[in-house]
Amino acid sequence: MKKDTTLATVGRHPEAHSGTVNPPVYRASTILFPTLEAYENSERYSVRYGRHGTPGTLALEEAVSALEGADCCRLTPSGHSATTAAILSFAEAGDEVLVADCVYEPTRSFCADYLKRFGIAARFFDPLAGARIGELFGERTRLVVLESPGTRSFEVQDIPAIAAAAHGHGALVLADNTWATGYFCRPLELGADITVASATKYILGHADALLGTICVKDAHAARLKRGYRMLGLSVSPDDAFLALRGMRTLGVRLRRHEESGLALARWLKARPEVARVLHPGLAEDPGHALWKRDFSGASGTFGVVLKGGTKAQVAAFCDGLAYFGLGFSFGGYESLVTPSHLEKVRTATAWRPEGPVLRFSAGLEDPEDLIADLEAGFARFHAAA
Ligand SMILES: *Cc1c(COP(=O)(O)O)cnc(C)c1O
């Protein structure tokens, strides 16, 4: 079955829901058992108590597993809780975690500061290390955390080379797959052991709910299930419904996000104000060869490094935009611009942009309107000089 057909069919089970096309929202804490026999023999991972899942959340887990090429999926209340729960499920006291220098900032803070209280050490590394990461493994290294491409700086990581090195040292690889989703990249098939994603972004796609996903193959399912239960996680049935609904249109939305993102990236690349465009889908991007090998497409989120410009000029650019909202997140149907200040954040590698850095998330508006909006933004940028 091709992936668009999977997205249209997976997890539906109309026969179990009075023929309805979509699994309905089940609001449930208590699940009633007909007999003591059924109560005592209910299967651990079935519908037996609301926290452990209802038909709607199980349908979404089934769909996300199919998308990521996984055997087991767990849903968390946010993308960030997916990352933290996955790390806590797979690392323990005495372990060291290697973390790509380009990860999502809250992931960085969690690893750098919060893991200490569990006796877990973290070390950051150059996301472009590839097989050279082998030199960094120590006796205690048990987990490598990747985000490819980094969703602020857009470095593509060599997942197969990093996974080979990690496995050679008895360590596992966790990849944050938020940017590509399983539609454009399957880290589990490239050698990663665990994928996490913020479904808040492309899967939900409408900027109206938060949700995270953790996926593994069978070999690691028991550890994931145990960690998830121990941490007491569960998700809202309404948010799970919205996520499964979002998945039905994920393919068409991503193709449009990709097309518009590339159109904007190419237009920006030709602008005199722009020093560099950070988009692995562009042939001249340093990550393009790896992206081409490991991804089947690009989402609509990319970065731009300006040649220069004062804070007032950047404010003039951002404040007057008609279609690009100024805010965190990406992957919604509406376009966004998000300024980045990575020079204050990174530790393993220097980040010295030529000027201000902006991240754009191309939404589903007509790209001609988006380009006209950016053009007017640059006129304000110059007027504010
Ligand atoms: C947004 C994001 C997260 C966190 O997701 P939330 O749903 O906002 O908690 C994690 N990783 C990446 C790469 C993200 O972009």
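The model is predicted, and its values are computed.

Let me begin with the helix packing. Two packed helices are described by the angle between their axes and the distance between the axes. Helix α4, residues 79-90, and helix α5, residues 105-114, have axes that come within 10 Å and cross at roughly 30°. Since angles under 35 degrees count as roughly parallel, α4 and α5 are therefore roughly parallel to each other. Their crossing is right-handed. On the α4 side, the contact is made by His 80, Thr 83, Thr 84, Ile 87 and Leu 88, and on the α5 side by Pro 106, Thr 107, Phe 110 and Cys 111. Sorted by class, this contact has 5 nonpolar, 4 polar and no charged residues.

The second pair is α3 and α10. Here the helices pack at an angle of about 35°, and the axes lie 9 Å apart. The crossing of α3 with α10 is left-handed. From α3, the residues Thr 57, Ala 59, Leu 60, Ala 63, Val 64 and Leu 67 meet Ala 240, Ala 243, Leu 244 and Met 247 of α10. This contact divides into 9 nonpolar residues, 1 polar residue and no charged ones.

I turn now to the open spaces. The largest pocket holds about 600 Å³ of space. Its lining comprises 34 residues, and those nearest its centre are Tyr 104, Glu 105, Pro 106, Arg 152 and Arg 359. Two or more lining residues come from each of α4, α5, β6 (194-198) and β11 (336-340). Which element gives the most to this lining? That element is α5, with 4 residues. By class, the lining of the largest pocket has 11 nonpolar, 13 polar and 10 charged residues.

The second largest pocket has a volume of about 420 Å³. It is lined by 20 residues, with Leu 128, Ser 153, Glu 155, Arg 276 and Pro 286 nearest its centre. Strand β8, residues 274-278, supplies the largest share of that lining, 3 residues. The classes there are 10 nonpolar, 3 polar and 7 charged.

How many cavities of 30 Å³ or more does the structure hold? There are 2. The largest cavity contains about 150 Å³ of space. It is lined by 15 residues, and Arg 51, His 52, Gly 53, Tyr 228 and Leu 233 are the closest to its centre. The elements giving two or more residues to this lining are α3 (55-68), β1 (72-76) and α9 (221-230). Its residues comprise 5 nonpolar, 6 polar and 4 charged.

The second largest cavity contains about 40 Å³. Its lining is formed by Pro 23, Pro 24, Val 25, Gly 56, Pro 237, Ala 240, Phe 241 and Leu 244. Helix α10, residues 237-248, gives the largest share, 4 residues. Ala 240 and Leu 244 line this cavity, and both also take part in the contact of α10 with α3.

Methods
Residues are numbered from 1 along each chain as its sequence is written. This is a predicted model: local features need pLDDT of at least 70, side-chain atom pairs count only at pLDDT 80 or more; totals for chains, interfaces and linings use all residues. Side-chain values use heavy atoms; hydrogens and water are left out. Axes are lines fitted to C-alpha atoms, for helices over the stretch in contact, and angles run from 0 to 180 degrees between N-to-C directions. Angles under 35 degrees count as roughly parallel, over 145 as roughly antiparallel, 65 to 115 as roughly perpendicular and the rest as oblique. A crossing is left-handed if the near helix is turned anticlockwise from the far one by less than a right angle, and right-handed if clockwise. Contact means heavy atoms within 4.5 Å. Ala, Val, Leu, Ile, Met, Phe, Trp, Tyr, Cys and Pro count as nonpolar, Asp, Glu, Lys and Arg as charged, and the others, Gly among them, as polar. On a 1 Å grid over the protein atoms alone, a cavity is a set of points where a 1.4 Å probe fits but cannot get out, and a pocket is an open set with protein on both sides within 12 Å along at least five of seven lines; lining residues have an atom within 4 Å of a point. Grid points are joined across faces, edges and corners, and a volume is the space filled by probe spheres set on the points.
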